[in-house]
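Student: I would like to go through this model and ask what stands behind each label.
Tutor: Go ahead; the structure comes next.

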Amino acid sequence: MNSNQDAKNWLYISLSIVVVIAVLAYQTVFVIVPYVSTELAKKVPPSIVEFLDEMTLEGLDEEGFSPSDIPKETQDRLRHLFSSLVAENAQSGRAYQLVFRAWDGIANAMALPNGTIVLTDRLIELAANDEQIAAVLLHEIAHVEENHGLEGLIKSSLLSVSLSVLFGDVGAMGEILVQGAVFGTDLKYSRDAELEADAFAVNALLQGAKDPMSLEEILSSISGDADNDQMSITWLSSHPDLPQRIEQIRQIKLAM
């Protein structure tokens, strides 16, 4: 009898431990780490942010980027456009610069933490006009202004370490920290961050007397251009569903 009671007690204790660990894991993943990441991202020294930009771009150049084939006249025109968008919409003081790269025919754009924006040749080729390029640039400027890249880097590192401690894999902590620093800037933001960047771009287009549907148009072009293998690394890879984004763009336009 006592043996059965002891077994039940241990079962209850085990279940209680599982529940506590599950609650701790949930709070860690969805509450603690996001909050801490946001606060820490605000306090990263400028020199570290600059270093992350440089190292990330170097890594991308080594891993698949190649020199752009976009004519210098086009690059100069788009840099002038970019400078005007930064002057009108950026307040963070980041060291913004626009760079061009070819990437195996993939249409992509990305924002590095200190304000380096990368446009690929294929994305420029797909754009029907400069307003569509402006829409993409404004979306990327939003990521820099809202610290999405730094938050993603810090979140990935904190999350890996927190879960490692929680589940006992403490021995791998050093390796996890390094991996978080290298791969945490893979530029895949949360869906909320993407919608926030879209909203920023649409509002900026409206305030600049530009067509907010330019963002919808370039999104549709990129979606139609990418094959299934490329979707994992295009501008749409980690973004919310295209219909959801288009609906938000239209709702913002109607509200203005």
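Tutor: The chain has 10 helices and 4 strands. The model is a predicted one. From the N terminus on, the elements run α-α-β-α-β-β-β-α-α-α-α-α-α-α.

Student: What makes the 4 strands an open sheet, and which are its edge strands?

Tutor: The strand order is β1-β2-β4-β3, and the pairing is mixed. The edge strands are β1 (66–67) and β3 (109–111), since each pairs on one side only.

Student: How many bridges pair β2 with β4, and in what sense?

Tutor: There are 5 bridges, and the sense is parallel. With at least two needed, β2 and β4 therefore count as paired. Arginine 101 stands opposite threonine 120 in β4.

Student: Why is β2 called mostly covered?

Tutor: A residue counts as buried under 20% relative accessible area. In β2, 5 of the 6 residues are buried, so the strand is called mostly covered. For the chain, 44% of the 256 residues count as buried. The accessible surface of the chain comes to about 13,600 Å², and 57% of that belongs to carbon and sulfur atoms.

Student: Why are α9 and α10 called roughly antiparallel?

Tutor: The axes of helix α9 (residues 213–225) and helix α10 (residues 242–255) come within 9 Å and cross at roughly 170 degrees. The cut-off for roughly antiparallel is over 145 degrees, so α9 is roughly antiparallel to α10.

Student: Which residues make that contact, and how do they divide by class?

Tutor: On α9 they are Met213, Leu215, Glu216, Leu219, Ser220 and Ser223; on α10 they are Leu242, Arg245, Ile246, Ile249, Arg250 and Lys253. The residues of this contact of α9 with α10 divide into 6 nonpolar, 2 polar and 4 charged.

Student: What makes α5 and α9 roughly perpendicular?

Tutor: Helix α5 (residues 130–145) packs against α9 at an angle of about 90 degrees, with the axes 8 Å apart. Roughly perpendicular covers 65 to 115 degrees, and α5 and α9 are therefore roughly perpendicular to each other. The contact is made by Glu131, Gln132, Ala135 and Val136 of α5 and Ser214, Leu215, Glu217 and Ile218 of α9. By class, the contact of α5 with α9 has 4 nonpolar, 2 polar and 2 charged residues.

Student: What share of the chain's contacts with a separation of 6 or more joins residues 24 or more positions apart?

Tutor: Such residues account for 69% of those contacts.

Technical notes
Residues are numbered from 1 along each chain as its sequence is written. This is a predicted model: local features need pLDDT of at least 70, side-chain atom pairs count only at pLDDT 80 or more; totals for chains, interfaces and linings use all residues. Side-chain values use heavy atoms; hydrogens and water are left out. Axes are lines fitted to C-alpha atoms, for helices over the stretch in contact, and angles run from 0 to 180 degrees between N-to-C directions. Angles under 35 degrees count as roughly parallel, over 145 as roughly antiparallel, 65 to 115 as roughly perpendicular and the rest as oblique. Contact means heavy atoms within 4.5 Å. Ala, Val, Leu, Ile, Met, Phe, Trp, Tyr, Cys and Pro count as nonpolar, Asp, Glu, Lys and Arg as charged, and the others, Gly among them, as polar. Buried means under 20% relative accessible area, exposed over 50%, partly exposed in between (1.4 Å probe, protein chains only). Accessible areas come from the Shrake-Rupley method with a 1.4 Å probe; for residues, only the protein chains shown count as cover.
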